[in-house]
Amino acid sequence: MRRRLVRPIAHAMQARRRTNVNYSNSERNRATSLSIRYPSGDAVVTSLRYIPEKMTFTKSEVETGRFRVPTAIAGETGPLLVCVNGAQQTMASWRSLVKYFVPRGWRVLLFDFPGQGPGQIVEGGADVSLDEQVEITRAVIDTVSPATPVNLIGGSWGAVVSAAVSARH
């Protein structure tokens, strides 16, 4: 979606004297849209983002091995999308993804690895190996969705962890 928005917005900015750009909020579908009218008369109307009435999370903790991992789930029903943080990222880095997927019928699971955000190392050293991160991710998934397949998405180092989880389980 972001890729489609780049061209019209960039083009409108380059030709701002010749182009009318209007933003509008629709109460009916709770979406913010951008409409661009080009000098040729062509018009583009693009939905920028969905604005949920209220986003609620179910929060809990998962204890696995020497770690205590906070979790948050948004959405009531639908397929589960598990977001795996990159190095030094927290659950907050997935905010825009949650706002996009939950209104479209997905459940989104967020968690913080130990040493990131409120994630805790209960005992032992501060290092968390890739194997431990894979096991943490698997424990979180097993707690939330033990029998149902999930969809993994990872940011930065989280993509490596997601790939390792997929390969091992």
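Residues are numbered from 1 along each chain as its sequence is written, and side-chain values use heavy atoms, with hydrogens and water left out. Since the model is predicted, local features need pLDDT of at least 70 and side-chain atom pairs count only at pLDDT 80 or more, while totals for chains, interfaces and linings use all residues.

**The overall layout**

Let's start with the whole chain. It has four helices and nine strands; here helices (H or I, at least four residues) and strands (E, at least two) are DSSP runs, numbered from the N terminus. Read from the N terminus on, the elements follow the order α-β-β-β-β-β-β-α-β-β-α-β-α. The chain has 169 residues, and 36% of them count as buried. Buried means under 20% relative accessible area, exposed means over 50%, and partly exposed lies in between (1.4 Å probe, protein chains only).

How much of the contact in the chain joins residues 24 or more positions apart? Among contacts with a separation of 6 or more, such pairs account for 60%. Contact means heavy atoms within 4.5 Å.

Now find helix 3 (residues 130–144) and helix 4 (residues 157–168), which pack at an angle of about 70° with their axes 9 Å apart. The axes are lines fitted to C-alpha atoms, for helices over the stretch in contact, and angles run from 0 to 180 degrees between N-to-C directions. This angle makes helix 3 roughly perpendicular to helix 4. For that term, the range is 65 to 115 degrees; under 35 counts as roughly parallel, over 145 as roughly antiparallel and the rest as oblique.

Which residues meet here? From helix 3 come Leu130, Asp131, Gln133, Val134, Thr137 and Ile141, and from helix 4 come Trp157, Val160, Val161, Ala164, Val165 and Arg168. By class, this contact has eight nonpolar, two polar and two charged residues. Ala, Val, Leu, Ile, Met, Phe, Trp, Tyr, Cys and Pro count as nonpolar, Asp, Glu, Lys and Arg as charged, and the others, Gly among them, as polar.

His169 is found in the segment after helix 4. Leaving out residues up to four places away in sequence, His169 touches Val134, Glu135 and Arg138. His169 and Arg138 are 31 residues apart in sequence, and their C-alpha atoms are 8.2 Å apart in space.

A pair of aromatic rings is described by the distance of the centres and the angle of the planes. Rings of Phe, Tyr and Trp (its six-membered ring) pair if their centres lie within 6.5 Å; planes under 30 degrees apart count as stacked, over 60 as edge-to-face and the rest as tilted. By this rule the model has three aromatic pairs. Why is the pair of Tyr100 and Phe101 edge-to-face? Their ring centres are 5.2 Å apart and their planes stand at 80°, so the pair falls in that class. Phe101 also pairs with Trp106: the centres are 5.5 Å apart and the planes are at 80°, so this pair is edge-to-face too.

The table gathers the accessibility of several residues.

| Residue | Relative accessibility | Class |
|---|---|---|
| Val69 | 0% | buried |
| Phe101 | 22% | partly exposed |
| Trp106 | 24% | partly exposed |
| Tyr100 | 32% | partly exposed |
| His169 | 47% | partly exposed |
| Ser156 | 59% | exposed |
| Gln88 | 67% | exposed |

Val69 sits in strand 5 (residues 67–74). Apart from neighbours within four places in sequence, the contacts of Val69 include Ser60, Phe111, Ile136 and Val140. The C-alpha atoms of Val69 and Gly119 are separated by 4.9 Å, although the two are 50 residues apart along the chain.

Gln88 lies in the loop between strand 6 (80–84) and helix 2 (95–101), and has a positive phi of about 60° although it is not a glycine. Ser156 belongs to the loop between strand 9 (151–154) and helix 4, and its phi is near 60°, a positive value in a residue other than glycine.
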